[in-house]
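Entries follow in the order I made them.

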2 protein chains.
Amino acid sequence: MTAKKNLHFRKVAIIGVGLIGGSLALAMREQGLVTEVVGVGRGVENLQTAVDLGIIDSYTTDVREGVRDADLVFLAVPVLSIAKVIETAAADLKPGAIVTDGGSVKETVLLEVKKVLPAGIHFIAGHPIAGTEFSGAAAAFATLYQGKKCILTPDADTDACALAAVRTIWESVGSIVTEMDPKTHDAILGAVSHLPHVIAYALVNTVDGTEAGDMAAIDYSGGGFKDFTRIASSSPDMWKDICLMNKTAIVDVIEGFQAELEILKGHIKDGNAEGLIKDFGRAKKVRDTIKN
Amino acid sequence: MTAKKNLHFRKVAIIGVGLIGGSLALAMREQGLVTEVVGVGRGVENLQTAVDLGIIDSYTTDVREGVRDADLVFLAVPVLSIAKVIETAAADLKPGAIVTDGGSVKETVLLEVKKVLPAGIHFIAGHPIAGTEFSGAAAAFATLYQGKKCILTPDADTDACALAAVRTIWESVGSIVTEMDPKTHDAILGAVSHLPHVIAYALVNTVDGTEAGDMAAIDYSGGGFKDFTRIASSSPDMWKDICLMNKTAIVDVIEGFQAELEILKGHIKDGNAEGLIKDFGRAKKVRDTIKN
């Protein structure tokens with residue numbers, strides 16, 4: 001791990017100082033990877049909190065000012081904004097700077113970024129699979145990424161040296177880094193993350209519409225329902241962006257899910273006890289392999 | 001609450017000494033509602049654990065022996081077994097005894113029970129909405145039902161005095177008791193509990209079938225997916241029973257869910273940002289009203 005020891009950034013710009021961006025800043029500081037961290041955002045109150053908590057050294061609401069002289073720019077902004085921010089900052093990015101992101105959609109983002117990325121600037125598409133139900137700078141903590149997977153999605157145009165540097169950053173903060181192509185990433189995340197969100201929203205809407213006599217079903221939701229639908233409290237705006245940016249993969253996997261659900265509904269309708277035990281059992285076996 | 005003070009059972013039989021039955025026994029003891037508790041089950045090791053933990057005074061694996069002289073019989077067994085257990089125990093039930101259950105399906109269970117219930121025995125259909133992810137006598141604790149809803153589903157045949165006694169038991173152990181008709185119960189629980197289980201099983205099967213390149217999607221599931229699919233680790237056998245016993249309500253609500261999901265899929269396919277924000281937002285608003 002000599003690369004790790006030698007890697008150091010004089011100035012890092014974190015665009016979007018919330019749970020994801022703030023935690024990376026804290027972890028990079030803790031690992032001695034950076035001298036100065038500048039935060040960029042729209043909410044001055046949140047940015048001031050980040051300064052007070054020692055997450056960033058200073059802040060600005062001006063992206064162009066924020067990225068100036070930065071050796072590394074981390075974009076922790078909604079997927080629909082990634083290319084837009086790069087476009088805005090383009091003229092002020094330092095030649096040779098590495099720009100990387102944490103967005104949960106990769107293929108379409110990469111296509112958009114390529115249209116606006118200035119020559120001599122290296123973009124590394126990344127996605128740390130970590131998070132909590134909390135948001136904002138106050139929710140950030142240095143150990144968020146420890147033991148968590150982080151996916152990088154290089155392609156033929158990716159600079160090998162910049163890729164190695166970003167890999168080292170994530171490994172230094174404790175992540176397990178995997179590389180795959182953007183399409184594979186989007187299919188996988190479509191299944192394990194985007195689909196569950198769409199389902200949770202649809203489920204809450206279903207239960208909300210369920211009335212029996214003068215009773216509202218939602219009033220009888222127990223602990224299981226609460227846990228199951230927690231992700232339906234996620235930001236509609238953020239998830240609208242993800243759904244639109246990963247449209248093809250999400251529609252595909254929704255259709256796969258619709259087929260599985262139809263099978264179970266068929267078993268129930270037919271009173272097919274064997275079929276239910278087989279298909280519930282198949283799911284249980286897989287789920288039991290996931291550590292809690 | 002004079003009823004509460006006067007209510008006392010000399011002997012209570014708990015059929016199925018797991019989380020649900022064991023916790024009721026512990027809570028009834030704590031409230032001084034019972035002198036002697038007999039546990040009935042098939043697993044002698046679990047029953048001995050229940051004795052060691054002070055949940056029950058003694059046990060038997062013979063239902064007929066267990067219910068003899070019991071003033072109250074609590075059935076914490078799978079929904080498909082409730083009527084069968086009553087049928088087996090019928091000749092040995094004490095005249096005037098109250099039999100009650102904790103099953104999560106009510107209408108079909110009640111129909112089956114009526115076919116086998118001896119004259120002079122009072123059956124009160126109940127459903128405490130409480131639980132944890134653990135099972136067995138060792139998982140039982142006296143405060144499980146505190147602050148939790150408990151639904152009783154009396155009908156025209158229900159003995160008012162026995163109903164009042166069962167209500168008092170649940171209120172004494174801290175539950176908030178509601179009465180509704182069995183059909184309403186089944187529609188509500190079909191929506192808030194049974195549907196989420198069916199969805200979780202279908203989702204895990206979908207993700208299990210998702211491969212992208214040589215990557216298995218399931219290996220990239222983060223914390224959200226784990227929480228969301230925890231209920232897919234539930235017993236296939238128990239959920240097979242529930243699905244078959246509450247077939248009509250579950251098929252209905254699956255179809256309601258299919259319609260909601262189809263709407264969201266349509267928005268994604270059409271790139272309908274406004275529609276997504278509206279329908280995700282509707283779900284978020286409802287979900288945010290559920291306290292964590």
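**Charged pairs and the chain contact**

I began with Arg68(B), which is partly exposed at 39% relative accessibility. My scale: buried is under 20% relative accessible area, exposed is over 50%, and partly exposed is in between (1.4 Å probe, protein chains only). I noted that this is a predicted model, where local features need pLDDT of at least 70, side-chain atom pairs count only at pLDDT 80 or more, and totals for chains, interfaces and linings use all residues. Residues are numbered from 1 along each chain as its sequence is written, chains are lettered from A and ligands numbered from 1 in the order in which they are written, and side-chain values use heavy atoms, with hydrogens and water left out.

**Pairs within chain B**

I found Arg68(B) in a salt bridge with Asp92(B), the closest N and O atoms being 3.0 Å apart. The term means a side-chain nitrogen of Lys or Arg within 4 Å of a carboxyl oxygen of Asp or Glu. Arg68(B) lies in the loop between helix 4 (63-67) and strand 4 (72-75), and Asp92(B) in the loop between helix 5 (82-89) and strand 5 (98-101), so the pair ties together parts 24 residues apart in sequence. Helices (H or I, at least four residues) and strands (E, at least two) are DSSP runs, numbered from the N terminus. Asp92(B) is buried, at 13%.

Next I checked Asp155(B) and Lys114(B), which meet in a salt bridge at 2.4 Å, N to O. They sit 41 residues apart, Asp155(B) in the loop between strand 8 and helix 7 (160-172), Lys114(B) in helix 6 (residues 107-116). Both are partly exposed: Asp155(B) at 28%, Lys114(B) at 40%.

I then looked at Arg167(B) and Glu171(B), a salt bridge at 2.8 Å. They are 4 residues apart in helix 7 of chain B, about one helical turn.

**Between the chains**

How many residues of chain B are in contact with chain A? I got 83, against 83 residues of chain A; contact means heavy atoms within 4.5 Å. The buried area is about 7700 Å², with 74% from carbon and sulfur atoms. That area is the accessible area (1.4 Å probe) lost on putting the two parts together, summed over both.

I counted 6 salt bridges between chain B and chain A. One joins Arg282(B) to Asp208(A) at 3.9 Å. I also logged a salt-bridge network linking Glu255(A), Glu262(B), Lys265(B) and Lys269(B). Over all chains, the count is 42 salt bridges.
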